[in-house]
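Open the model in your viewer and keep the selection tool at hand.

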Amino acid sequence: MRAAGVELSDLATLEAESIHILREVAAEFEHPVMLFSGGKDSVLMLHLARKAFAPAPVPFPIMHVDTGHNFPEVIEFRDRVVAEHGLRLEVASVQERIDSGRIQVGHELESRNRHQTVALLEGIQQNGFDAVFGGGRRDEEKARAKERVFSFRDRFGQWDPKNQRPELWNLYNGRHKKGEHIRVFPISDWTELDVWRYLAQEEVDLPSIYFAHEREVVEHEGLVMAVNEFFPLPDGAEARIEMVRYRTVGDATSTGAVRSTATDYHSVIEETAVARVTERGATRGDDRFSEAAMEDRKKEGYF
Amino acid sequence: MASEMLRIATAGSVDDGKSTLIGRLLYETKSIFEDQLESIERTSEKRGDEQTDLALLTDGLRAEREQGITIDVAHRYFATPKRKFVIADTPGHIQYTRNMVTGASNANLALLLVDARKGVLEQTRRHALLSSLLRVPHLVLCVNKMDLVDYDQGIYDEIREEFTQFAARLEITDLGFVPISALEGDNVVTRSPNMPWFEGQPLLGHLEDVHIASDRNLVDNRFPVQYVIRPQSAEQRDYRGFAGTVVGGIFKPGDEVMALPSRRRSRIAGIDTPTGSVAQAFPPMAVTLLLEDEIDVSRGDMLCRPSNQPTANQTFEAMLCWFDETSSLRTDIPYQLKHTTKWVAAEVEALRYQLDVDTLHRDLEAGTLEVNDIGRVAIHTSSPLFFDTYRLNRTTGSFILVDPATNLTVAAGMIIGAAGEPAGETAAAVAEAPVATNITFHPSKLTREERWGALGTRGATIWLTGLSGSGKSTIATAVEHTLISAPVPQPAFVLDGDNLRHGLNANLGFSDSDRAENVRRVGEVARILAEAGTVSLVSLVSPFRADRDRVRAIHEEAGIPFYEVFVDTPLEECERRDPKGLYAKARAGEITDLTGVGSPYEAPSAPDLVTDPDLEIAVRQVIGLLE
């Protein structure tokens with residue numbers, strides 16, 4: 001039982017607002033799906049979904065857009081979560097589409113970031129999903145700061161930032177025609193620090209790579225990259241064993257680690273509270289193409 | 001960390017320094033990251049700006065950066081140990097009404113800026129009007145660029161005075177002022193040594209301390225059912241939970257509830273939340289209510305108290321803000337309307353007038369509303385909505401209109417009241433059950449002016465609130481005596497809370513809902529007396545702000561002066577006096593719900609007067625209100 005006061009903490013307010021959005025979608029759409037990468041934002045989103053419908057199970061499947069370039073710890077985590085909570089998992093595989101020739105790649109280890117969009121849109125279309133939950137947060141990136149909670153996508157999955165529906169109070173408009181869909185961002189107003197504080201408070205399980213561990217790494221174009229089958233040691237470079245952790249989880253070919261000694265939630269929160277570089281700036285090669293890299297990819301239908 | 005969340009709406013153009021101010025708040029609270037700063041430095045350099053343009057922090061889209069404009073509402077986040085802040089930052093150019101309305105819809109506080117060299121501009125007045133229309137509970141006016149006027153107190157005072165006069169015409173409950181220089185950092189985070197004459201808090205301190213907990217309506221219980229949870233598993237077969245967000249009042253297990261539209265009654269068996277069962281649910285908690293009886297309830301239904309129902313009606317009057325650039329308001333086609341968790345078909349039956357947001361002029365001849373236009377309309381829906389006025393509840397009083405041909409959100413509305421009833425009378429009518437819908441008001445043959453003129457009197461209500469033993473009745477009686485024994489006597493009458501409980505309110509106890517009803521009845525009596533030409537002097541603890549606000553609302557809607565007077569005697573002093581021995585009883589455990597001891601007191605956020613401890617001065621202050 002809670003205390004007798006009628007005040008709600010910031011995390012409890014964020015939680016309530018997110019749960020409202022999750023329930024609204026489950027009530028109004030026929031075939032919602034939740035994107036799940038194993039990253040902390042999607043772990044948070046799934047945790048909120050389980051709470052929103054308890055004691056009933058989550059009333060929609062989850063979908064993983066699998067580039068084939070994953071950290072093995074993340075895939076292992078994904079399969080464990082699915083089994084534990086009896087979830088239905090759809091996999092939209094980039095590798096399958098490369099193998100069948102529908103996606104052309106220059107070489108095996110090039111970034112598959114843009115190819116994800118193809119797999120994602122096909123996965124949505126083939127399954128007839130009409131609402132797609134994503135874990136995007138407005139504090140992550142400038143283009144995302146302009147995103148609605150309910151974000152309309154035309155039949156090509158495209159986002160038109162200049163033509164977004166106004167969003168007032170908590171009255172969401174998810175109306176759409178057949179073939180169109182709505183991207184829904186239930187954790188829009190959470191910051192990176194909020195996410196960590198809440199996951200710690202709730203003691204939510206995360207992939208092990210989010211906490212400091214020893215790993216063979218090499219410094220490459222300003223990023224600390226793990227050396228493995230997806231990122232072979234560049235010529236002339238020297239790998240070292242260092243204590244690192246990941247602030248975001250993306251492809252092993254383009255996601256960098258940060259040097260850290262934070263092996264538990266408490267110390268990750270301390271580090272996050274004093275971090276001076278954004279999580280994407282610190283760790284994501286894929287956002288560095290240009291000032292508008294994210295905006296361009298979002299317009300094409302990216303998460 | 002037990003911090004709260006505060007949503008801020010800002011609006012304005014680049015020139016008034018809004019972006020610089022936001023940039024500084026983010027920078028000083030360490031919410032800008034190095035890579036963000038480097039990235040905007042690069043862009044500024046590329047464009048050939050002289051200084052790094054902090055506006056680039058919020059202008060995220062390529063078109064915005066290239067054209068140096070802001071297209072849309074941008075959200076920015078910062079936090080201090082006390083609070084998490086969400087800023088909805090909206091541009092000041094053409095699209096501005098639509099964006100400002102969007103940003104203000106959820107805001108706890110509106111932040112307006114004026115340039116100290118230019119003073120209050122048309123744009124400032126427009127922002128204030130929209131904040132008031134959207135009922136943002138708190139407004140702060142920052143007088144910026146004080147460094148450019150040599151930190152001159154006279155200039156600040158002049159702007160403050162001018163804006164206060166303008167704001168008096170609007171409904172702004174809490175208005176604050178801070179003289180700042182966003183560029184130099186004066187009075188933004190720390191007190192400025194350049195303006196020792198300013199006694200208030202710097203802006204950030206004000207944002208951290210402004211009291212928002214009682215802005216919610218905690219009196220009228222409202223629960224729009226969002227989703228019905230029915231697990232299919234064998235062990236949970238009997239579970240049937242009604243999930244949703246509490247939008248008004250406080251729900252507790254054991255409370256009697258009524259489901260609308262079925263009007264079936266039951267009691268709350270339990271309240272489930274993500275973290276287990278709770279003893280009470282209040283806004284904005286997302287919970288699951290379990291009922292004792294199996295009554296038919298589904299999405300779009302409303303749970304409330306049988307004795308306090310929202311208005312149920314298919315027609316109502318509303319202020320409508322048109323958003324869509326590609327269409328204009330039509331009265332000959334059906335729209336889709338979303339209100340709480342319910343979609344219905346709706347027709348706009350009539351456009352009463354268009355409101356000019358600059359002059360407040362009402363254009364009765366207007367034929368339609370176009371993008372960024374605001375007007376009053378009459379709406380008819382395909383099935384009844386369960387609503388309150390927007391004034392009473394921002395959630396049950398708001399709706400959006402969607403064009404079924406394009407699925408675009410074309411307009412947003414705020415409900416004024418049911419059709420055919422004088423605006424505001426619904427607010428009072430909902431507290432009685434069953435809701436009387438066929439009552440029409442019998443207009444008097446005399447106008448108020450005729451009545452007051454003939455009697456040589458002016459009615460008003462003076463509402464004294466404060467703890468038991470604070471001295472309310474003493475002041476009220478002294479004021480009554482002074483008014484009646486004046487050379488030109490003014491009729492006055494004391495309505496004392498304790499005395500009324502012997503008669504009019506004899507059937508009421510001290511539960512939250514009974515206290516609310518007590519205040520409502522006294523408020524109605526005060527209004528009637530004032531209408532008749534008497535100065536009603538109400539002496540009533542009236543601990544809850546929402547209850548007092550409702551009384552203010554019925555007076556404002558009737559056009560009768562209402563003054564909230566806070567008799568701010570500290571609890572220790574009241575307890576020392578203890579004229580009725582109540583505190584002693586409460587401390588001995590004989591009374592459990594004495595205000596200030598076992599039950600909360602919500603101080604007024606913006607009283608018309610806080611009385612002086614000296615009785616003679618207090619009486620003069622109160623009489624000063626009437627002059």
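A residue is called buried if 20 or more other C-beta atoms lie within 10 Å of its own, exposed if 12 or fewer, and partly exposed in between, with C-beta atoms placed from the backbone. This is a predicted model, in which local features need pLDDT of at least 70 and side-chain atom pairs count only at pLDDT 80 or more, while totals for chains, interfaces and linings use all residues. Residues are numbered from 1 along each chain as its sequence is written, and chains are lettered from A and ligands numbered from 1 in the order in which they are written.

**Chain B**

Select chain B. Of its 627 residues, 47% count as buried. The C-alpha atoms fill a box of roughly 80 × 70 × 55 Å along the principal axes. Contacts here mean C-beta atoms, placed from the backbone, within 7 Å. Among the contacts in chain B with a separation of 6 or more, 71% join residues 24 or more positions apart.

**Helix H5 of chain B**

Next, select residues 122–133 of chain B, which form the twelve-residue helix H5. From first C-alpha to last it reaches 16 Å, close to the 16 Å expected at 1.5 Å a residue (the expected span is 1.5 Å times one less than the number of residues). Show side chains: buried residues in H5(B) include Thr124(B), Arg125(B), His127(B) and Leu130(B). Just after H5(B), stop at Arg135(B), where phi is positive, about 55°.

**Where chain A meets chain B**

Now show both chains. Here 48 residues of chain A are in contact with 57 residues of chain B. On the chain A side, the elements giving two or more residues are helix H1 (10–28) and helix H2 (40–53). H1(A) supplies the largest share, ten residues.

**Two domains in chain A**

Finally, colour chain A by domain: domain 1 is 10–190 and domain 2 is 194–287, with bounds from an automatic or database domain assignment. Their C-alpha centres lie 23 Å apart. The contact between them takes 24 residues from domain 1 of chain A and 23 residues from domain 2 of chain A. On the domain 1 side, H1, H2 and helix H3 (72–85) of chain A each give two or more residues. H2(A) gives the most, with five residues.

How values were computed: Contact = placed C-beta atoms within 7 Å. Helix = DSSP H or I, 4+ residues; strand = E, 2+ residues; numbered from the N terminus.
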